[in-house]
Amino acid sequence: MGYFEMTRTVLRNLVRGPATRQYPAVPARTGPFTRGHVTFDPTTCRSCGLCSRRCPCEAIRIEKEEKVWEIDRMRCVACGDCVEGCPFGSLTMEPEYFPPVVEHVVERHTITYVKPEKPEKKPKEESAGTGA
Amino acid sequence: MPKRIVVPFGPQHPVLPEPIHLDLVLEDELVVDVVPSIGYIHRGLEQLVQKREFTEYVYVAERICGICSFMHALCYCQGIEHIMKVEVPDRAKYLRTIWSECSRLHSHLLWLGLFADGMGFENLFMRSWQLRESVLDVLEDTTGGRVIQGTCKVGGIRRDIGQEKLDEMHRALDPFEQQCRDLGDVFLNDETVKYRLQGLGVISKDEAYTLGAAGPTLRGSGVAVDLRETGYAAYGDLGFKPIVETAGDCYARCAVRVKEVYASIDLIRRAIDGIPEGPLDVKVKGAPDGEYFSRVEQPRGEVVHYLRGDGTKHLARARIRTPTLANIPALVKMLPGAQLADVPVVVLSIDPCISCTER
């Protein structure tokens, strides 16, 4: 026949609750790997510039001398390549999406990483001393 | 002889969200000729290949289309891997297949919903999209993105699916297939749907083949061409048979897609059963030097990425032929003879993806 194919589904849907999630009352669903936005830790960044070179949309800019790390959130596509490529773990991917914005603002961070002092040359001096 | 008038259809139209413009030449309400024009959203993504390194371009390739994104990345990666003679590990091939079929599932369910909306069956439209949502949830849980997966890279994949998640997906397939079959029965058997679709937008087998149609448009006319038969990724191990209908009308094209939904579920099930353990990627050294035509079966048909490298980190040329471009000549052939009210349904029946077409 085929005149009432949809009826069963319609009746089932009538007694069920809504299929959609009640956003924003209920927070948006995210998974364990959801790529929301990139966060930056200025205390561990060593200004190697890998993130900036790997970024496919040129959203990240880094200035080594001025110790500035910038991200243009409107350019960033949250691909996660910078996070994967960072050798020092300064970048992390957070699952929350940013709310929409109307102004084009570049997010600027000042790198606060301090290069640790090199260990004293004591052993060398000692060895030099013994040699002499 | 009735007076001829020209009615513009698109680029902004309530039924079709994507910007394609058709000049419909009408005699009363009957379409006698069609002049298509595209070019509203050209983004120059092919040119970008010369400014991005070949490993970075995967992310650009993925953003050519918002629906078959994973398959664009897959097609590009396969092309580069072939030029550089990189052998991808088996587990990566299987996972690529699983994600490809998930993409096909959500693309076809999206299309079925849009098509139902186009013919005025609102309830069916919402039901299709409700089912699509569960596929998107799986994609988000396994890759981190709902439509832009970002898991394909040159030499393999970036992320694994754990055995626990694979088992969970396998368990969810049976109830999901039952829901899809309930939905598909409405498309295939309901008299109102049949009355609206049968005999509409007919294109014969010879015409479809000669005009170079691709994907379900071609298979709906009885030509058994499906690139998955060539056995790229893990399709060679899974044993795949193309789905063919012979009528060549809108109903046949719809039936091909409904049956491909069932076939995709079956392929995912077999891929999960047969997935081997092993590494996810191989290290890629050097730069591509050579050229290759990479081909992959997308939900809409065959996509071709032509890639030419000259031994530097930047490719010299990329050219992408998407299935919708191949289907537009067939569409122009389908429309004459249709009523004006049927035009949206016929246009939707080729599943046009204009952002793909214009890149």
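Two strands are said to pair if DSSP finds at least two bridges between them. Helices (H or I, at least four residues) and strands (E, at least two) are DSSP runs, numbered from the N terminus. The model is predicted: local features need pLDDT of at least 70, side-chain atom pairs count only at pLDDT 80 or more, and totals for chains, interfaces and linings use all residues. Residues are numbered from 1 along each chain as its sequence is written, while chains are lettered from A and ligands numbered from 1 in the order in which they are written.

**The sheet of chain A**

Chain A holds an open sheet of 3 strands in the order 2-3-5, with antiparallel pairing. Strand 2 (60-63) and strand 5 (106-110) of chain A are at the edges with a single partner strand each, so one side of each has no neighbour in the sheet. On average, neighbouring strands of this sheet are turned by 15 degrees against each other, direction ignored. For axes and angles, lines are fitted to C-alpha atoms, for helices over the stretch in contact, and angles run from 0 to 180 degrees between N-to-C directions. Strand 2 of chain A is joined to strand 3 (residues 68-72) of chain A by 4 bridges, and the two run antiparallel. Within this pairing, A:Glu63 has A:Val68 of strand 3 of chain A as its bridge partner.

**Chain B as a whole**

Chain B contains 13 helices and 8 strands. The C-alpha trace of chain B spans about 70 × 45 × 35 Å along its principal axes. Of the 359 residues in chain B, 52% are buried. A residue is buried if 20 or more other C-beta atoms lie within 10 Å of its own, exposed if 12 or fewer, and partly exposed in between, with C-beta atoms placed from the backbone. Among contacts in chain B with a separation of 6 or more, 70% are between residues 24 or more positions apart; two residues are in contact if their C-beta atoms, placed from the backbone, lie within 7 Å.

**The sheet of chain B and its helices**

An open sheet of 3 strands in chain B has the order 6-7-8 with antiparallel pairing. Its edge strands, strand 6 (289-298) and strand 8 of chain B, each pair on one side only, and the twist averages 10 degrees from one strand to the next. Strand 7 and strand 8 of chain B pair over 6 bridges in the antiparallel sense, with B:Leu307 opposite B:Ala318 in strand 8 of chain B. Helix 11 (residues 323-334) of chain B packs on the sheet and touches strand 6, strand 7 and strand 8 of chain B; its direction makes about 130 degrees with that of strand 7 of chain B. Helix 2 of chain B lies across strand 6 and strand 7 of chain B, at about 150 degrees to strand 6 of chain B.

The loop between strand 7 (301-310) and strand 8 (315-321) of chain B contains B:Thr312. This residue counts as partly exposed because 13 C-beta neighbours lie inside 10 Å. B:Thr312 and B:Pro288, 24 residues apart in sequence, are 7.0 Å apart in space, C-alpha to C-alpha.

The expected span of a helix is 1.5 Å times one less than its number of residues.

| Helix of chain B | Residues | End-to-end C-alpha distance | Expected span |
|---|---|---|---|
| Helix 4 | 22 residues | 31 Å | 32 Å |

Helix 2 of chain B is mostly covered, with 14 of its 16 residues buried. Helix 2 (residues 69-84) and helix 3 (residues 90-118) of chain B pack at an angle of about 145 degrees, their axes 8 Å apart. Helix 2 of chain B contributes B:Phe70, B:Met71 and B:Leu74 to this contact, and helix 3 of chain B contributes B:Arg96, B:Trp99, B:Ser100 and B:Ser103. After helix 2 of chain B comes B:Lys85, with a positive phi near 55 degrees.

The buried residues in helix 4 of chain B include B:Trp129, B:Leu131 and B:Val135. Their cover includes helix 1 (7-15) of chain A together with helix 3 and helix 5 of chain B.

**The contact of the chains**

The contact takes 22 residues from chain B and 19 residues from chain A. On the side of chain B that touches chain A, helix 4 of chain B gives the most, with 8 residues. The residues of that side divide into 4 nonpolar, 7 polar and 11 charged, where Ala, Val, Leu, Ile, Met, Phe, Trp, Tyr, Cys and Pro count as nonpolar, Asp, Glu, Lys and Arg as charged, and the others, Gly among them, as polar.
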